[in-house]
Amino acid sequence: MYAAYPYRYMVTMGRSTRHSSTRPWNALASANARLNDRIVRLKREGLYRTFVRLERRVGLYPTAWLYEADLRNTEEVVSFCSNDYLSMGQHPLVLEAMQTVLRDSGAGAGGTRSISGTTPHHTRLETEIADLHTKEAGLLFTSCFVANDSSIGTLGKLLPGCEIYSDANNHASLISGMKRSGCVTHIFRHNDVVHLDALLSASDRTVPKLVVFESIYSMDGDIAPIGDICDVADKHGALTFLDEVHAVGLYGPTGGGVAQERGIDHRISMISGTLAKGYGVFGGYIAGSAAMVDVVRSFAPKRTGHISGVREPQLSYIDPGSPSRWE
Ligand SMILES: Cc1ncc(COP(=O)(O)O)c(C=O)c1O
């Protein structure tokens, strides 16, 4: 007992009240001491996280202000650690659209979509996302982490006996969705179509299969052989889920990503993307068949962005007819 709660015992020793060990502050002291121990160990391992105090300034991209700990003194630095690849987060048209929505509709969504309704801004954006990826439907989330996690988790659960085939270098959000789906998951060597083919060849032809991969792998900077992966998936009757997070807004004639650039976006069953990198703002999404998107919308866990109380705030929607839209 004492070995399990050494700090609580230490704190309660010498105190006179009989019930002191159940006091909330004892539990807190014990928890804090244990957690601090964990941090000390993390620092020893050299894995302690620190945040650089940076502020990007509108109009000065790619420079930013680097703050010292007192948050007073600053130094101007060039920042190459941003995923706002095109500086869209500072684009006058984006800022203007956001200001218009803030002024007209307010800062928050006011609640979940199912309770408080959905704004025309979100609806238009979802239609545009579907069009961007040549899909029947789109669905917004608070981030693409949530989009990947909810969509793969939900699809995997609802397709009976589904097996997942995952690239070895897939992002944590995709892995999280696969884990939550409860599906048997096979991992193919990074970008290795021959290995994927071999794994799929050994599978039961009658069960649903989902191949999950990314177009651009940000850590290595390499690009998947999307067409070849689709060929193999088609050969074995597998669905495909492509994460275009690092490509949307940058690749393809209208920024639809690498699959669009190669003219094969129609071959992908579901595409996910973010609004927090190439598009410079925040939020994530999926695009796919009406049935797939509807199932995610209806069955994804309630904590997911599109139905939780923390919905993406009033997103700006830039009219496609705007002549300066693609400047
Ligand atoms: C490949 C990939 N997918 C998904 C995400 C999650 O995107 P978001 O920042 O919108 O949560 C990231 C984020 O870095 C990513 O690199």
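Helix H8 crosses helix H9 in a right-handed sense. This is one detail of a predicted model. The protein chain has 327 residues, and 35% of them count as buried. Its secondary structure comes to eleven helices and twelve strands. Among contacts with a separation of 6 or more, 64% join residues 24 or more positions apart.

**Helices H8 and H9**

- Two packed helices are described by the angle between their axes and the distance between the axes.
- Helix H8 spans residues 193-201 and helix H9 spans residues 226-235; their axes lie 10 Å apart, at an angle of about 10°.
- H8 is therefore roughly parallel to H9, since angles under 35 degrees count as roughly parallel.
- From H8, the contact uses Val 193, Leu 196, Asp 197 and Leu 200; from H9, it uses Asp 228, Ile 229 and Val 232.
- Five of these contact residues are nonpolar, two are charged and none is polar.

**Helices H6 and H7**

- Helix H6 covers residues 144-158, and helix H7 covers residues 172-181.
- Their axes come within 7 Å and cross at roughly 30°.
- That angle makes H6 roughly parallel to H7.
- The crossing of H6 with H7 is right-handed.
- By class, the contact of H6 with H7 holds five nonpolar, eight polar and three charged residues.

**Around the ligand**

- The ligand has 13 residues around it, and those that come nearest are Ser 143, Cys 144, Phe 145, His 171 and Thr 274.
- Which helix gives the most to this shell? H6 does, with three residues.
- The shell divides into four nonpolar, seven polar and two charged residues.

- Gly 284 is in strand S12, which runs over residues 284-288.
- Gly 284 counts as buried because 28 C-beta neighbours lie inside 10 Å, and the cut-off for buried is 20 or more.
- Leaving out residues up to four places away in sequence, Gly 284 touches Ser 143, Cys 144, Phe 145 and Thr 274, among others.
- The C-alpha atoms of Gly 284 and Asn 148 are 8.7 Å apart, although 136 residues separate them along the chain.
- Gly 263 sits in the loop between helix H10 (258-261) and strand S11 (270-274).
- Gly 263 counts as exposed because it has 11 C-beta neighbours inside 10 Å, and exposed means 12 or fewer.
- From Gly 263 to Gly 252, eleven residues apart along the chain, the C-alpha separation is 8.4 Å.

- Most residues other than glycine have a negative phi, and most peptide bonds are trans.
- The peptide bond from Tyr 61 to Pro 62 is cis, with omega near 5°.
- Pro 62 lies in the loop between strand S1 (54-56) and strand S2 (63-67).
- Leu 71 is not a glycine, yet its phi is positive, at about 60°.
- Leu 71 belongs to the loop between S2 and strand S3 (74-78).
- Leu 71 is exposed, because 9 other C-beta atoms lie within 10 Å.
- Ser 87, also not a glycine, has a positive phi of about 65°.
- Ser 87 is in the loop between S3 and helix H3 (92-105).
- Ser 87 is partly exposed, with 16 other C-beta atoms within 10 Å.

Key
Residues are numbered from 1 along each chain as its sequence is written. This is a predicted model: local features need pLDDT of at least 70, side-chain atom pairs count only at pLDDT 80 or more; totals for chains, interfaces and linings use all residues. Helices (H or I, at least four residues) and strands (E, at least two) are DSSP runs, numbered from the N terminus. Axes are lines fitted to C-alpha atoms, for helices over the stretch in contact, and angles run from 0 to 180 degrees between N-to-C directions. Angles under 35 degrees count as roughly parallel, over 145 as roughly antiparallel, 65 to 115 as roughly perpendicular and the rest as oblique. A crossing is left-handed if the near helix is turned anticlockwise from the far one by less than a right angle, and right-handed if clockwise. Ala, Val, Leu, Ile, Met, Phe, Trp, Tyr, Cys and Pro count as nonpolar, Asp, Glu, Lys and Arg as charged, and the others, Gly among them, as polar. Two residues are in contact if their C-beta atoms, placed from the backbone, lie within 7 Å. A residue is near a molecule or strand if its C-beta atom, placed from the backbone, lies within 6 Å of it.
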